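Here is a protein chain to look at together.

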Amino acid sequence: MSEVVTGDAVVLGLRPARLPSRALALFIDLVVVWAAFLVVSIGLAFATAALDEAAAMAVSIASFLLVLVGGPIAVETLSHGRSLGKLACGLRVVRDDGGPIRFRHALVRGLIGMVEILMSFGVIACVASLVSARGRRVGDVFAGTLVVRERVPVGRTAPVPPPPPWLVGRFTQLDLSAVPDALWLGIRQYLTRMGQLDPAAGRVLAERLADELVARTGTPPPPGVPAAAFLAAVVHERQTRDARRVAPGVGWAGAGVPGSGGSGSGGSGSSGGAGGVGVAGSGFRGGVGSGAGAAVAAGDGASGRAAAGGSDGAGRGASSATGFAPPA
């Protein structure tokens with residue numbers, strides 16, 4: 001499966017079509033094209049009956065190229081990669097990055113397909129598709145395209161657990177540009193399944209992922225913070241940045257994080273400001289961004305209300321809400 005990972009660390013899978021489904025789609029397309037070519041040839045035979053042999057041969061070659069080569073190119077261009085056979089089999093031609101194809105992609109596929117499909121009776125295309133890891137024929141390789149399955153059952157994606165509230169806003173200055181998608185995917189898979197892992201094995205895996213993340217960002221976690229909590233906080237920071245890019249007028253910091261309301265030093269009410277979000281006694285106090293985000297993080301706007309139960313009560317609430325206990 002060709003995987004594209006979004007900013008929310010969600011996998012968008014492009015499942016390549018394999019030889020059987022592609023062969024069936026090609027067979028349907030060839031039947032339609034050859035039927036159209038037969039009808040056109042019969043019509044041209046009556047229309048060119050008065051021409052000499054050389055002119056009739058030129059018309060036949062032109063009709064062959066127009067119908068058998070130009071027809072599939074035009075159909076794939078206008079339908080954005082869905083010919084009649086591919087539509088029937090639930091397939092589609094896309095670019096390597098998952099985008100819709102253009103005329104130049106269909107042109108390269110059609111011209112090379114004339115050799116590897118029509119002239120070799122599909123032998124070259126079959127061999128290339130079997131050898132390729134993603135089932136691509138030679139035309140796909142030169143055109144930079146991929147035939148994928150469109151009708152794929154979508155599974156439910158487990159949500160990433162929210163980060164500990166005492167870590168929200170701690171990594172606003174972290175440079176995440178060097179973190180590859182494969183690492184984001186590994187972190188997300190760990191966070192969604194850490195409750196099913198053996199505690200010792202899960203701790204080792206979290207520390208390994210945290211070390212890789214530190215190597216990419218150059219910033220270690222705060223002292224005493226578990227590796228799993230560090231990973232959850234960094235993933236939340238990336239989601240927050242992506243959300244801000246989508247809706248820059250909304251303050252997303254702290255939103256959706258249970259137990260993050262209330263702070264000893266933060267601004268309260270709708271005025272927002274640079275109120276700190278944290279849990280009393282946690283030893284961490286992170287700055288939250290603009291007003292809307294601070295208002296969400298502050299709950300009902302009553303400053304210090306979440307901390308009224310003392311440090312032990314706040315720690316128990318944060319642990320039950322997020323699955324992470326605050327550092328001792």
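The questions below go from the whole chain to single residues.

Reader: What kind of model is this, and what average pLDDT does the chain have?

Author: This is a predicted model, in which local features need pLDDT of at least 70, side-chain atom pairs count only at pLDDT 80 or more, and totals for chains, interfaces and linings use all residues. Residues are numbered from 1 along each chain as its sequence is written, and side-chain values use heavy atoms, with hydrogens and water left out. The pLDDT is the predictor's confidence in each residue, from 0 to 100. In this chain 68% of the residues score at least 70, and the average pLDDT is 73.

Reader: Where does UniProt place the transmembrane region, and how far apart are the end C-alpha atoms of residues 111–131?

Author: The unreviewed UniProt entry gives this feature at residues 24–48, 54–75 and 111–131; UniProt positions are in the numbering used here, feature names are shortened, and annotations may be inferred rather than shown by experiment. In the model, residues 54–75 are 100% helix and 0% strand, with end C-alpha atoms 30 Å apart. Residues 111–131 are 86% helix and 0% strand, and their end C-alpha atoms lie apart by 21 Å.

Reader: How are helix H4 and helix H5 arranged: roughly parallel or roughly perpendicular?

Author: Two packed helices are described by the angle between their axes and the distance between the axes. Axes are lines fitted to C-alpha atoms, for helices over the stretch in contact, and angles run from 0 to 180 degrees between N-to-C directions. The axes of H4 (residues 103–119) and H5 (residues 123–131) come within 5 Å and cross at roughly 105°. Angles under 35 degrees count as roughly parallel, over 145 as roughly antiparallel, 65 to 115 as roughly perpendicular and the rest as oblique, so H4 and H5 are roughly perpendicular.

Reader: Which residues meet there, and how many of them are charged?

Author: From H4 come Val-115, Glu-116 and Ile-117, and they meet Val-123, Ile-124 and Ala-125 in H5. Ala, Val, Leu, Ile, Met, Phe, Trp, Tyr, Cys and Pro count as nonpolar, Asp, Glu, Lys and Arg as charged, and the others, Gly among them, as polar. The contact has 5 nonpolar residues and no polar ones, and the number of charged residues is 1.

Reader: Is Arg-109 buried or exposed?

Author: Arg-109 lies in helix H4. Its contacts, leaving aside neighbours within four places in sequence, include Glu-76, Arg-137 and Asp-140. With a relative accessible area of 3%, Arg-109 is buried.

Reader: What separates the C-alpha atoms of Leu-118 and Leu-68?

Author: Leu-118 is also found in helix H4, and at 21% relative accessibility it counts as partly exposed. Leaving aside neighbours within four places in sequence, Leu-118 is in contact with Leu-30, Phe-64, Leu-68 and Gly-113. Leu-118 and Leu-68 are 50 residues apart along the chain, and their C-alpha atoms are separated by 8.9 Å.

Reader: What is the phi of Phe-121?

Author: Phe-121 is found in the loop between H4 and H5. At 76% relative accessibility, Phe-121 counts as exposed. Phe-121 is not a glycine, although its phi is positive, at about 55°.

Technical notes:
Helices (H or I, at least four residues) and strands (E, at least two) are DSSP runs, numbered from the N terminus. Contact means heavy atoms within 4.5 Å. Buried means under 20% relative accessible area, exposed over 50%, partly exposed in between (1.4 Å probe, protein chains only).
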